[in-house]
Amino acid sequence: MAMERPILLIEDNPDDEALTLRAFTKNRITNPVVVARDGVEAIDYLTGTGSHQGRDMTVMPVLILLDLKLPRIDGLEVLRRIRAEEHTAMLPVVVLTTSREIQDIQQAYRLGANSYIRKPVDYERFIHAVSQIALYWLTLNETPESAANSPY
């Protein structure tokens with residue numbers, strides 16, 4: 001697994017945040033997790049501005065889990081800004097949200113989401129969903145960085 005790079009969890013609901021972190025622990029996901037509780041904080045982290053000014057910008061998230069219903073800047077706008085910046089444009093973004101709205105799903109994909117997953121309400125299903133996300137995005141997925149560093 002890509003353990004040295006953090007996972008950026010963009011989530012404003014404290015219960016969903018705690019559940020996600022518990023699912024990471026239960027699934028033995030050891031990547032550090034950076035939590036942004038609104039869209040502004042997420043953008044600040046990704047751009048090294050605001051409360052994240054001075055952070056090491058060479059360490060970018062291995063995965064971004066993005067809720068859509070966020071205060072200050074909503075998740076779709078965060079996604080648009082991620083894709084608009086060269087240094088963040090290729091980061092994997094998984095929308096993990098409660099929204100089932102067809103326009104949210106369509107807009108997320110139009111803006112460049114790599115995946116759209118509706119948060120399961122059931123605890124065990126949620127744990128399983130996070131396990132599957134981690135298996136794919138942290139273990140199986142090939143990134144431009146991993147391809148560039150491959151000896152083959």
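Which residue does the UniProt annotation "modified residue: 4-aspartylphosphate" cover? In the unreviewed entry it covers Asp67, and the views below place that residue within a predicted model.

The model is predicted, so local features are given only at pLDDT of at least 70 and side-chain atom pairs only at pLDDT 80 or more, whereas totals for chains, interfaces and linings use all residues. Residues are numbered from 1 along each chain as its sequence is written, and side-chain values use heavy atoms, with hydrogens and water left out.

**View 1. The annotated span.** The UniProt annotation "domain: Response regulatory", from an unreviewed entry, covers residues 6-134; UniProt positions follow the numbering used here, feature names are shortened, and annotations may be inferred rather than shown by experiment. The end C-alpha atoms of this span lie 12 Å apart, and the span is 41% helix and 16% strand, where helices (H or I, at least four residues) and strands (E, at least two) are DSSP runs numbered from the N terminus.

**View 2. The parallel sheet.** An open sheet is formed by 5 strands in the order β2-β1-β3-β4-β5, with parallel pairing; two strands pair if DSSP finds at least two bridges between them. Because β2 and β5 (115-118) stand at the edges with a single partner strand each, one side of each is left without a neighbour in the sheet. From one strand to the next the twist averages 20°, with axes taken as lines fitted to C-alpha atoms, for helices over the stretch in contact, and angles running from 0 to 180 degrees between N-to-C directions. Strand β1 (residues 7-10) is joined to β2 by 4 bridges, and Leu9 has Val35 in β2 as its bridge partner. Between β3 and β4 there are 3 bridges, and the partner of Ile64 in β4 is Val93.

**View 3. Helices against the sheet.** Helix α3 (residues 75-84) packs on the sheet and touches β1, β3 (63-66) and β4 (93-97), contact meaning heavy atoms within 4.5 Å; the direction of α3 makes about 155° with that of β3. Helix α4 (residues 102-110) lies across β4 and β5 and runs at about 155° to β5.

View 4. Asp67 lies in the loop between β3 and α3 and is buried, with a relative accessible area of 5%; buried means under 20% relative accessible area, exposed over 50%, and partly exposed in between (1.4 Å probe, protein chains only). Not counting residues up to four places away in sequence, Asp67 touches Ile10, Glu11, Asp12, Gly75, Leu96, Thr97, Thr98 and Lys119.
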